[in-house]
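Subject: Structure handover

Hello,

Please find the structure below, with the sequence alongside. My notes on what was found follow it.

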Amino acid sequence: MNLRQYLPSLDSQSHRSADFIAQWIITKIRFMTRARNNASISPGMLRKAPTGIQGLDEITGGGLPEGRPTLICGSAGCGKTLFATEFLVRGAVQFGEPGVFMSFEESGEELTTNVASLGFDLKDIVARKKLVLDQVRVERSEIEETGEYDLEALFIRLAYAIDSVGARRVVLDTLESLFAALPNEAILRAELRRLFGWLKDKGMTAIITAERGSGTLTRHGLEEYVSDCVILLDHRVTDLISTRRLRIVKYRGSTHGTNEYPFLIDESGISVLPITSLGLNHKVSSERVDTGIPGLNMMLGGEGFYRGSSILMSGTAGTGKSSLAAHLVDAACGRGERCIYFAFEESEQQIIRNMRSIGIDLGRWVHRRLLQFSASRPSAFGLEMHLVNMHRHIRQFEPSFVIVDPVTSLLTIGTKMEIQLTLTRLIDFLKTNQITSLFTSLTHGETNLELTEVGLSSLMDTWILLRDIETSRERNRGLYVLKSRGMAHSNQIREFRLTDKRAQLTDVYLGPAGGLLVGAARLAQEAREKAEKRARSIELERKRRDLERKRLALESQIAGLRSQFELETQEISQLIAQEETIDESFNDERTEMALLRKQDAPQSGRKRSANSRKVPGTDGRRSK
Amino acid sequence: MKKTKSKPTTKNSPDAEVWELRLYVAGQTPKSIKAFANLSRICEEQLAGRYKIEVIDLLENPQLASGDQIFAIPTLVRTTPAPIRKIIGDLSNTERTLVGLDVRKVS
């Protein structure tokens, strides 16, 4: 007994979510292990017939059990007939397995008309002998019952139809009509048991549809006979939004996803979610893509984002998330890449007009078919429909860049849990296809800026946070990179301005107190510093001139001194020259005098030196 | 049993409406044989000379099953007089068969 259902509702809610996650993880692991096992499929293993229905083959690990009947049950209008039809049509067209559609409710024409809106041309397939439509009309009023009988005629009709096209697939829609028409339930039940056995013997992969009963899977207990695979379809409305869900109740001999999977019916048939891979094994690119804002590129290691990465841009209202997104779009389109813009708040025209005001013309890219808008109100349809809608657009347009603006709008139509799962699937899909994605997220309040509403951060490779910086009675925009996996990103807060010529990231401006200066404060500080600088340069100039003047003065002084020195030098050398002349003339005089006095000629050096020693004396005498 | 076994026993009441009956069977199963015997007996009793029985063996002509919307074996179909009526089973209950065929008692 599950005790959890007795817990208070709040508790059980959280338990349910926990269960849900656990189940999801288990399913994931199962898929991974199976994917490995599939490579070496042993001959004894259950063979599967692919349905071709988007997503279902992934949940069932390959399709419905081949050669066995499968029961599809659900209440009125949940898509049983369509499911069965798609199984047959895809079998006939894609997998080369012709089929027989035995209807107990609708005529062949009705069926053809009904499924034509989903893109199936039954008439053509019937004409190509790949499908037989046989209606078994059972009118209670026409029939009288007496005595024993069996349903051999049904077998014969079925066998005839199968043989006429070599069918491998059979649909019986809805066998339960027989219960209304035939009063003898004992015979009917015995015959149904025989019918399913017979189908198995013939190796038919069959789908039997049945109406859901109250408290039981089917109104008449058909699940008793068809026990190989039972799929339950459900159509539920919560908060005015209807969601179709599918659950594999049982699948004998095979593992399968056990969750309730949302599914959709649209113009291309049924799509079951998860649509794509559930693994974390996508390829990664080390190619970088330009963001369209040089400053932002610089912040992201100088080169921009990685191709195929997921980018979250969060911020409060009016911080410029959409504008920044437009830059990225413009840059991508400018490189010739295709983009899809999923808008949940503004219309295409409005976005184009608004972005023109900051100098970005997105209209030209739409014109050149590089940009596609898909604008819808979140409440237009359910979360799954949105997801599938996105998938379809992406598959058709094959963009390399996808924007969801803003992802938080989806909160109005689902719980956090649902949105997180939906986005996980979307991001998985995008990453597998190497598509760069940008999600904007509107956060409320200033306190928990670093908490995204839908807990997206772990899914994101790069997270850019935009915020208001409120200083000196004005609000300005600031931008910083909260995280960016695999690159050395800037840790600075940059001021981010929207001008009429695109966004500008101004340089970081720190005020005198070390705080970040933005807006008018930054301008004022800039002006103040400019003035100071000018004053300083004037002062410097003055000082330089002063110095020059001093130098000149000094030089002239030096020149004066030098000329004086030269003057003195000249004087002295003149004096010396004079003295020498006097000296010589004195000597000459002495010699002459000696000659006159008849003194001995100076013959020896000794005498001469003695003579010369007497010179001072003569000198002194002479100076008198 | 042959593919179509007409059994116009007597055709000597030109003014009376001829009842055209088709009995669908699948091979000679006990139920089929019993149904045929019961039908013959009832017709002889109630519609002597005014009936025609056609026996269709679906094993031989499976394509004929969809025309009259046959899904049970044996099935008796009254094609004329209109409207079409069907009786499934081996016709062992004469009363119900007569009600089903809407045969008025011939006095």
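Two residues count as in contact if their C-beta atoms, placed from the backbone, lie within 7 Å. By that rule, 21 residues of chain A are in contact with 30 residues of chain B. Helices (DSSP runs of H or I, at least four residues) and strands (runs of E, at least two) are numbered from the N terminus. On the side of chain A that touches chain B, the elements giving two or more residues are strand 6 (143-145) and helix 6 (152-165) of chain A. Helix 6 of chain A gives the most, with seven residues. Sorted by class, this side of chain A has 10 nonpolar, two polar and nine charged residues. Here Ala, Val, Leu, Ile, Met, Phe, Trp, Tyr, Cys and Pro are nonpolar, Asp, Glu, Lys and Arg are charged, and the others, Gly among them, are polar.

This is a predicted model: local features need pLDDT of at least 70, side-chain atom pairs count only at pLDDT 80 or more, and totals for chains, interfaces and linings use all residues. Residues are numbered from 1 along each chain as its sequence is written, while chains are lettered from A and ligands numbered from 1 in the order in which they are written.

On confidence: pLDDT is the predictor's confidence in each residue, from 0 to 100. Chain A averages 82, and 84% of its residues score at least 70. Over residues 3-14 of chain A pLDDT stays under 50, and the model has five contacts beyond four places in sequence for them. Residues 605-624 of chain A also stay under 50, with three such contacts. Where pLDDT is low, the predicted coordinates should not be read in detail.

The two chains also share strand pairing (two strands pair if DSSP finds at least two bridges between them). Strand 6 of chain A runs parallel to strand 4 (residues 85-88) of chain B, joined by three bridges. E145(A) has I88(B) as its bridge partner there.

Within chain A, nine strands form an open sheet of mixed pairing, in the order 5-4-7-8-3-9-10-11-12. Strand 5 (131-135) and strand 12 (269-272) of chain A are at the edges with a single partner strand each, so one side of each has no neighbour in the sheet.

Which residues of strand 3 of chain A are buried on its two faces? P69(A), L71(A) and C73(A) are buried on one side, and T70(A), I72(A) and G74(A) on the other. Buried means 20 or more other C-beta atoms within 10 Å of a residue's own, exposed means 12 or fewer, and partly exposed lies in between; C-beta atoms are placed from the backbone. Six of the six residues of strand 3 (residues 69-74) of chain A are buried, so this strand is largely enclosed by the rest of the structure. Six bridges join strand 3 to strand 8 (residues 205-211) of chain A, in parallel, with I72(A) opposite T209(A). Strand 3 of chain A is also parallel to strand 9 of chain A, through five bridges, and T70(A) stands opposite C229(A).

Strand 9 (residues 229-238) and strand 10 (residues 241-251) of chain A run antiparallel, with 10 bridges. T238(A) stands opposite I241(A).

Regards
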